[in-house]
Amino acid sequence: MNIAQYTKAASLEEAWELNQKRAAVVLGGGCWLRLSPQRRIAQAIDLSGLGLDKIEEGDDCFRIGAMVTLGQLEGHEGLAAFTQGAMKEAVRHIVGTQFRNMATVGGSISGRFGFSDIWTLFLALDAQVELYKGGAVSLADFGQTGPGKDIVTYIVVPKRACQTAYDSLRLNETDFPVIAVAVSADSEDVRCVIGARPARAQVLCQSVSDVRRQGLEGAAEKMAGSMNYESNMRGSADYRHDMAVVLCRRLLTKVLGGDQ
């Protein structure tokens, strides 16, 4: 990879202006850029000096800076307590400790990768993406549009009374997931997200009453069956579907109780 011009931005405005150049790239942690077919970067933009490397916990939300590392997510006690350990579970398998201490939340979200564990969990948590110029957009909408030439500044996770769980299936400990599932349930609704299909994660919402009426087995089959799956080197489409049913049922049992 060849970088012609590197700039450590002094402000978000400078970063945004630089990003308007045709071949400009926001570095993030730089860990996933090797997956891009673009091997020559005319303008690399470093956001590390803009104070976006903190997790702010307020009364109604968590604001996670774009330069927060996956390692910070993994070790944050507030997020661990709020998600009942799901945040740590979603992050701990990603490559290795050194990688997680470099890869950033903003880079992972901006990339909109189909294999992304944290995308799957953030979607279940109904997270929003804050853009420097574009303001707040839901993660689901961001998945359709991407950042464009804007700058991702924060990921905002609303605090609501809910039970959350995450699980994934991998061929080995640090591999990309074959299938990934996150479920979040409050008193009224259940959000079930299935990722690594291997396409980008999608969410299905049902009322708690509907899930209980169907039973956990029936609800898991309906949720998993509502999404499309594809085959690749890690697993076939049929295998992914079957394992999605298993993980959905397991997580529904965890968040709603096993007496259904």
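## Aromatic contacts in a predicted model

At 0% relative accessibility, F62 counts as buried, a term that means under 20% relative accessible area, with exposed over 50% and partly exposed in between (1.4 Å probe, protein chains only). This is a predicted model, in which local features need pLDDT of at least 70, side-chain atom pairs count only at pLDDT 80 or more, and totals for chains, interfaces and linings use all residues. Residues are numbered from 1 along each chain as its sequence is written, and side-chain values use heavy atoms, with hydrogens and water left out.

F82, at 13% relative accessibility, also counts as buried. A search of the whole structure finds 4 aromatic pairs, where rings of Phe, Tyr and Trp (its six-membered ring) pair if their centres lie within 6.5 Å, and planes under 30 degrees apart count as stacked, over 60 as edge-to-face and the rest as tilted. Two of these pairs are listed here, among them the one formed by F62 and F82.

| Pair | Arrangement | Centre to centre | Angle between planes |
|---|---|---|---|
| F62 and F82 | tilted | 5.6 Å | 50° |
| F113 and F115 | stacked | 5.0 Å | 10° |

Because F62 lies in strand β5 (residues 61-65) and F82 in helix α3 (residues 77-82), their pair ties together parts that are 20 residues apart in sequence; helices (H or I, at least four residues) and strands (E, at least two) are DSSP runs, numbered from the N terminus.
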